Amino acid sequence: GQPQENPCFTGRHGCDTNAVCRPGDGAQFTCQCAAGFNGDGRTCYDIDECRENPQICGSHAICNNQPGTFRCECEEGYQFGSDGQTCVEVDRPVDACEEGTHTCDIPERAQCSYTGGSSYICSCLPGYIGDGRICQDIDECQPGRCHQDAVCYNTQGSFTCQCRPGYYGDGTYCSPERTKTQCESHRDSLLGATEFGPRGPRPPVGQYIPTCDENGAYEPMQCHGSTGHCWCVDRSGREIPGTRSGPGSRPMCIDHGGVPPPVGPTPRPDVHPLPSGTHLLFAQSGRIEHVPLEGYDMKKNDAKALLHLP
């Protein structure tokens, strides 16, 4: 004698989660799939609008099927126009410095600086003069640059001083007798505080002793004999910050007469060389992509998207 409740209200209807339950008379009801789904109501399948109508998004657009609906996305280099539906090409600024399409002099003489849009500035590096598009070496061998008993040699972007034959020194100071250089004085003052062991003089244990080259200048790389740590130094023996490496690994130090290395991200010093199959991962606008590495060089043309979640 109890009136039966309709299954649509009690929740015992068995319709698909993507369907609507429509109550009828008494305990009668029907299941109807929601918009964007096909089926008998008890089982509903998503309609893949992208497959059924490949041109649904128009040109230069990617169709992404989603449950019950779809979404259009513009391809890379395109964006939605004023109507919000058509994909139009983005007027992207070109970095001529990165692309190498600039008119500056070669990188050894000039620097290209990107200033936004399609603009850039050319400027000559220190030791060169010009408008940045053409840079000429400045002859730094002015009178008095070197010692009176030395010869000045103009080099690209710099100069060097060398004592004449029969004179000794670094060129800024020359003497007929060989005097100790700063490095040799530093080294010998520490060795002077030696302890005499059974095999002759030896430096105090744990003491850092600088190494000098054949001309008496500081070797670009200095190492601590007992700890195994190595680091780079400038001409006057001062440690260059950020170059100290742990035992067993050596920093890349530049010869004092050489050109400075390019500035860039440095790899972990304990991983050398990089194992083959190493990739650089990066995330950008809903995508995770990877770029294969060959040594420390990126193979940009082989970059692939691993995951794309619009």
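A surface patch here is built from residues with over 30% relative accessible area and no salt bridge, with nonpolar side chains (Val, Leu, Ile, Met, Phe, Trp, Tyr) joined within 5 Å. A salt bridge means a side-chain nitrogen of Lys or Arg within 4 Å of a carboxyl oxygen of Asp or Glu. Accessible areas come from the Shrake-Rupley method with a 1.4 Å probe, and for residues only the protein chains shown count as cover.

The model is predicted, so to speak of local features takes pLDDT of at least 70, and side-chain atom pairs take 80 or more, while totals for chains, interfaces and linings use all residues. Residues are numbered from 1 along each chain as its sequence is written, and side-chain values use heavy atoms, with hydrogens and water left out.

On the surface, one nonpolar patch brings together Leu281, Ile288, Leu306, Leu307 and Leu309, with about 480 Å² of accessible area between them. Leucine 306 sits in strand β24, residues 304–308. Strands (E, at least two residues) and helices (H or I, at least four) are DSSP runs numbered from the N terminus; the protein chain has 24 strands and four helices.

Aspartate 16 turns up in the loop between α1 (7–10) and β1 (19–23). Instead, the aspartate 16 side chain reaches the backbone nitrogen of asparagine 18 at 2.8 Å.

Note on methods:
Polar contact = N/O pair within 3.5 Å; in protein donor to acceptor, adjacent residues only side chain to side chain. Patch = residues over 30% accessible without salt bridge, like charges linked within 9 Å, V, L, I, M, F, W, Y side chains within 5 Å.
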